[in-house]
Amino acid sequence: MIDKPDLDEPKLATEVADAWSMDVADLAFMPVGLDGHAWAYRVETSDGGRYFLKVRRGDFTPAAVLLPRFLRAQGLRQVVAPLDLPEGGAGRGFGDYRLLLYPFHDGGSLWGRGLTDRQWIEYGEFLGRLHRVTPSAQVAAVLPAETYRSSAGERLRALGGQAAGSEVLGAFWNRYGAPLHRLADTVDEPACRVARTQHVICHADIHPGNLIADGDGPLHVVDWDAPILAPRERDLMFVYSADFGDHPINAHRAELFRAGYGPLEPDPSLLSYYRSERHLDDVAAFLAGILSPEASAESRANDLHWLTRIAEAVADPGYAP
């Protein structure tokens, strides 16, 4: 979220210092991410340590803590997992919020600059290994399973009237409302047609924005907030779609990814379903963000940028969800 939460930052710094037994020298807000219920801070300590603090309104899911730890124990070194508290556990309460602290990795996300050839191979290797991991009974118990039922269409329809009458969204809705409603009407249809296939552990948001690397260095995979047991196409959609990142896949990159992942023939109907459902879910989230009375002008402009980008793709006559 790019708007700061209404938090007392000196108190937050003190809470982090007490919780993780560190001398916090600086706590700086980071305007990153699009989750309207989560915020990020960089934490620096007096001994030169740096950490990434995630603040969430409400609770983190149990899987957001258990799964990254489990995967690290399985040897998936790219996974960025929350740090333990000295007394055990990971999360710390702070009023209506929960805190998780992570290692900080240099380099930034790969959304804008893209992956190098070596990183495309590593991307494939990582997802191939992830999708072959068998979850423990404890992890399986907290991972939701794919149902092919989405609330995004209902959320969009509920917000459509407000959008049409909004000063900020009126012109947008007049232009794109009809194709977005058509998308909402068709999202359930692929859900009826897709083949039920083997479920694997999926990150569920593994686009280049959640891949961190310094130059051509190793990948670090962040944002394990909503993993799921689902067909592997749930993750592969982010690889094979041109919607995620400024340097999407092409024939050369597909070969590199396949060299890392292994033999691969994704189901086109599942890729299509997940692309359309993700578009619809993002549209509903951005509409809600823009219409929120608490949103700043900067936040509304950011959400409108991404909303328009999706709407233009959906309205294109060649769009094939």
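**Reading a helix pair**

Guide: Welcome! Let's start with a pair: helix 7 and helix 8 are roughly antiparallel to each other (an angle over 145 degrees; under 35 is roughly parallel, 65 to 115 roughly perpendicular, and the rest oblique). This is a predicted model, in which local features need pLDDT of at least 70 and side-chain atom pairs pLDDT 80 or more, while totals for chains, interfaces and linings use all residues. Residues are numbered from 1 along each chain as its sequence is written, and side-chain values use heavy atoms, leaving out hydrogens and water.

Visitor: At what angle do the axes of helix 7 and helix 8 cross?

Guide: Two packed helices are described by the angle and the distance between their axes. Here, the axes of helix 7 (residues 233–240) and helix 8 (residues 251–261) cross at roughly 150° and come within 11 Å. Axes are lines fitted to C-alpha atoms, for helices over the stretch in contact, with angles from 0 to 180 degrees between N-to-C directions.

Visitor: Which residues make the contact?

Guide: Contact means heavy atoms within 4.5 Å. Helix 7 brings Leu236, Val239 and Tyr240, and helix 8 brings Phe257, Arg258 and Tyr261. By class, that contact has five nonpolar residues, no polar ones and one charged (Ala, Val, Leu, Ile, Met, Phe, Trp, Tyr, Cys and Pro count as nonpolar, Asp, Glu, Lys and Arg as charged, and the others, Gly among them, as polar).

Visitor: How many of the residues of helix 7 are buried?

Guide: Buried means under 20% relative accessible area, exposed over 50%, and partly exposed in between, with a 1.4 Å probe and protein chains only. Seven of the eight residues of helix 7 are buried, so this helix is largely enclosed by the rest of the structure. The buried ones are Glu233, Arg234, Asp235, Leu236, Met237, Phe238 and Val239. They pack against helix 3 (117–132), strand 6 (200–202), strand 9 (228–230), helix 8 and helix 9.

Visitor: Is histidine 279 buried or exposed?

Guide: Histidine 279 is buried, with a relative accessible area of 3%. You will find histidine 279 in helix 9 (residues 268–291). Leaving aside neighbours within four places in sequence, histidine 279 is in contact with Leu183, Asp243, Ile310, Val314 and Tyr319.

Visitor: And how many helices and strands does the protein chain have?

Guide: The chain has ten helices and nine strands (DSSP runs numbered from the N terminus: H or I of at least four residues for helices, E of at least two for strands). Buried residues make up 50% of its 321 residues. Along its principal axes, the C-alpha trace spans about 55 × 50 × 40 Å.
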